[in-house]
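This report concerns the architecture of one protein chain.

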Amino acid sequence: MSSKKTFAMEQLRPQWRPQWRAWWRRQSPVRQDRYAMIAPIVTVLLFLLALFLTIGYLRIEEADRERDNLKRDLDYSQIQLRDRLQDRKEQVLQVAKDIGRGLIDTSEFLNQSETLVSTTPELLAVVWVNNLRHIRSAYLTTGAYTMHWTRYTELNPESDAAALYEQIRQQKLPLYSAPYFSPDGRGLIQLQVPILGSGNRFQGVLIAELSLEGLLQHGISIDISKKYSIAFTDHSHQRLAGVLSPKASLAEGSLSWLTGLNEQHQYVADFELNNSERTPIEGDAALQLILRGYRTSQGFIGSALRLLVAALSLLTIWMLIANWQHTRRRLHTQDALLAETNFRRAMENSMPTGMRALDMEGRITYVNAAFCQMTQWHESDLVGCLPPYVYWPAEDTKKLELTLKQELSGNSSPGGVEMQVLRRDGKRFTARMYVSPLVDARGKQTGWMASMTDITEPKRIREELESSYERFITILEGLDASISVSTLGSKRLLFANKTYRQWFGDDAQDQPDFVAAMLAAPTEGNTIEDVDAFAGLPLGDIEDAPSESKEIYLPATTHKPERWLDVRVRYLNWVDGHLAQMVIANDFTAKHHAEAFAAEQAARAQASSRLITMGEMASSVAHELNQPLAAITNYCNGIVSRIHNNQISNEELLLTIEKTARQAQRAGHIIQRIRSFVTRSAPNRVKSDVGLMVSEAIDLVGIEVQRRRVQLTHHTAPDLPSIYVDPILIEQVVVNLIKNAAESIDSGGQYSPKDMAKRVIQVRVKRRAMQMSAEQPLDGIECTVEDTGPGVPPEVLARIFDAFFSTKSDGMGIGLNLCRSIIESHQGRLTAENLYNGKLNDRSITGCRFSFWLPLETQPQAASDLPD
């Protein structure tokens, strides 16, 4: 090991040291001492020269930078001031427009002027002057120069304000005046804005007086105000507003070239108020805006010279110490080299990556601790070995020798080589090895350096992920539902399963049009690669939002049958971090056809129920029709007999014919009512009167009730609102409930048919609020049918509305089930309950009550929601 370290140190030693040592030994001692004395002096002189050159260069750079900053800040300040003046002009111009339109009188003018002045610190006064130069109104602050102006005062024709007034009268443009001084020495300007009426007729001007000092204070940013002194001057360089710092003296200025910190810079810019919007008048000139930098230092001698002397002293001391320790440098260099070698060795040993060095023949010359730990072989077992190496598996020797030849020839793969490594205990692990050339200090290649990483665990994780991905894809491909994923705002597919490809084609690249209509559109002008349409939004809330569902119908084509799809859209984060949309489509065509068939069967059952009801009441209807028909026959026979005997006058004949016609109308009304009840028609919800529907149902079923010797009474509350229902269906419900009540009384046997006072059916219609859910009660109409029959047994009451369940021996069990279906299709509720006598000791049933409730609706429902 000691021979190896010596060899490494000799390789790192500079090649010029032997020649330098030989030349130095050839010199005489005097010459050596002279060289030792001259070297520090030359070094100090060179250092001083470099120091002065550096100071001069930095001074020039600093001065240029300060001038550039000052010029940039001046331009920015001009922009700020112009924007603020433009804002004041627009505010005053708006008030002038309102005056010209007649929207502002003098009192409103004072209110708006007060608001304008209070929000604009530089604005001192606002004066309204009419077309006769008379002041109609003025709002003045304490510091306004125009404080002596009062109402109806006329402008002085000799004043600058009057001259500007005449110019505005001619040009009809808002203009600023030349700057002027107030009596207390403050710089001011005036803004005059024309007041134009209808037809661009001149009606006067608005005069706004502004303080230049306030404009500087509030129009320039605080950062610029802290860095520079700022002032306004006129054309004669007389200061109008602001403060300028004093200039440096001649002595101080002469030293500024040393540091660049004492030099003061300033810029002067002309500041036009009206931007050539008017013809200049006599005495009118632009303002001048001056920016002058503050001095940041007070001299050079106190700090720079001391710093320079200290630096030169330290340099001289360092050079002396260097000369004194010249004989010890070789030892220090050797110690440093040894420490560096130890440091690199420690760094290599701490790395988890195995390092291996080969010479040009493939012999191992170096391995680090990590390599030995991976292979479980000692360094002495590996260094000096030639291929095949001891950590190569026997069955992979030929393949690894071929790979090593490629590496030694410089044809190694940039991505590394995956290989199996054999440990000393016989176990194996998977590793990836990267090879790079090993070059010495002279640029000559001396071998190859390889780094080896244990990838057993990452490879296992990758294989498990691939297996999990394959299982996931297999599950998605086996689903009956179509699943597709597209980028948010785009129809381009990111993923589609097997069902999607079967439905929409194997070569489909985009979402279908009906799906694209449900997806969110991107921001106009941007693609999804530029800006996400939902950038900045809480994506967690979007991902957790409930899915959007929509039923889509796809008509049949030549190669595909018709389909009804239930399409849902959900949002998720895709693998690239973008927000994506997953579309899940389920085929419910069979379910839709079954529901349509069930609806058709329900409609047929309703029509059949009505026909059965009329069939059961056929004898009563025949009896009802027999009365008007018999009367018609009697009237006709009587007329014929009296005509043959000439015993009838024209008046009697006319009266008898009218009675016959009324009986015929009665019979026709009965037939028409029966026909409209039993005729099957499409569902039609219209605005209907509940009382009228109940009355027609009672007229229809009244014949059957009378035949069974039952007394029928009904009461309808006044002023009931109309509701949107199908009147034929609701009438069918009322008929079935009354008919069932009459049959219950007649078959119960509690009361004799002669005792009609106790065989009673009561029908009541009233308005009632129903608590349908946890929300507020819903307003609606309730209809109750009460009878005095035997009631419904409690064990039967729970099943009374079930399909094909009946307490009658010849019943079909569809009447009450259809009634409940009709009421629930109208968002209503149908209930049944027994009536009791109220006695505590002998509680018995005295009848039954059927009630149905229908909600009030302000609009009819859509056709898709109507009951079949």
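The following paragraphs treat the chain as a whole, then its nonpolar cores, its helix packing and some local features of the backbone.

**The chain as a whole**

The model is predicted. Its chain has 868 residues, of which 36% are buried, and contains 25 helices and 27 strands. Among the contacts with a separation of 6 or more, 60% are between residues 24 or more positions apart. The accessible surface amounts to about 50500 Å², and carbon and sulfur atoms hold 55% of this area.

In soluble globular proteins, nonpolar side chains tend to be buried together. In this model the largest nonpolar core has 43 residues, and the members that touch the most others are V694, I730, I738, I761, F850 and F852. Both helices and strands contribute to this core: α22, β23, α23, β24, β25, α25, β26 and β27 each supply at least two residues. Helix α23 provides the largest share, with 10 residues.

What does I761 touch beyond residues up to four places away in sequence? Its partners there are V710, Q711, L712, T713, I738, A741, A742, I745, V785, E786 and D787.

**Helix packing around α23**

Helix α23 packs against both α22 and α25, and the two arrangements are set out below.

| Helix pair | Angle between axes | Distance between axes | Crossing |
|---|---|---|---|
| α23 and α25 | about 145 degrees | 10 Å | left-handed |
| α22 and α23 | roughly 35 degrees | within 9 Å | right-handed |

In the pair of α23 and α25, the contact involves L729, I730, Q732, V733, N736, L737 and N740 on α23, and G815, L816, C819, I822 and I823 on α25. These residues comprise eight nonpolar, four polar and no charged ones.

In the other pair, M693, V694, E696, A697, I698, L700, V701 and V705 of α22 meet P727, I730, E731, V734, V735, I738, K739 and A742 of α23. Here the contact is made up of 13 nonpolar and three charged residues, with no polar ones. Residue I730 takes part in the contact with α25 and in the contact with α22, and I730 is also one of the core residues that touch the most other members.

**Local features of the backbone**

Most residues other than glycine have a negative phi, and most peptide bonds are trans. Where does the chain depart from this pattern? R133, although not a glycine, has a positive phi of about 70 degrees, and R133 lies in the loop between β1 and β2. N200 likewise has a positive phi, near 60 degrees, and is found in the loop between β5 and β6. A cis peptide bond, with omega about 0 degrees, joins P387 and P388; P388 is placed in the loop between α13 and α14.

Is R133 buried or exposed? R133 counts as buried because its relative accessibility, 18%, is under the 20% cut-off. N200 has a relative accessible area of 43%, between the cut-offs of 20% and 50%, and is therefore partly exposed.

**A loop residue and its partners**

D510 is located in the loop between α16 and α17. With a relative accessible area of 34%, D510 is partly exposed. Apart from neighbours within four places in sequence, D510 contacts K491, R492, L493 and Y500. The C-alpha atoms of D510 and L494 are 9.1 Å apart, although 16 residues separate the two along the chain.

Note on methods: Residues are numbered from 1 along each chain as its sequence is written. This is a predicted model: local features need pLDDT of at least 70, side-chain atom pairs count only at pLDDT 80 or more; totals for chains, interfaces and linings use all residues. Side-chain values use heavy atoms; hydrogens and water are left out. Axes are lines fitted to C-alpha atoms, for helices over the stretch in contact, and angles run from 0 to 180 degrees between N-to-C directions. Helices (H or I, at least four residues) and strands (E, at least two) are DSSP runs, numbered from the N terminus. A crossing is left-handed if the near helix is turned anticlockwise from the far one by less than a right angle, and right-handed if clockwise. Contact means heavy atoms within 4.5 Å. Ala, Val, Leu, Ile, Met, Phe, Trp, Tyr, Cys and Pro count as nonpolar, Asp, Glu, Lys and Arg as charged, and the others, Gly among them, as polar. A nonpolar core is a set of buried Ala, Val, Leu, Ile, Met, Phe, Trp, Tyr and Cys residues joined through side-chain atoms within 4.5 Å. Buried means under 20% relative accessible area, exposed over 50%, partly exposed in between (1.4 Å probe, protein chains only). Accessible areas come from the Shrake-Rupley method with a 1.4 Å probe; for residues, only the protein chains shown count as cover.
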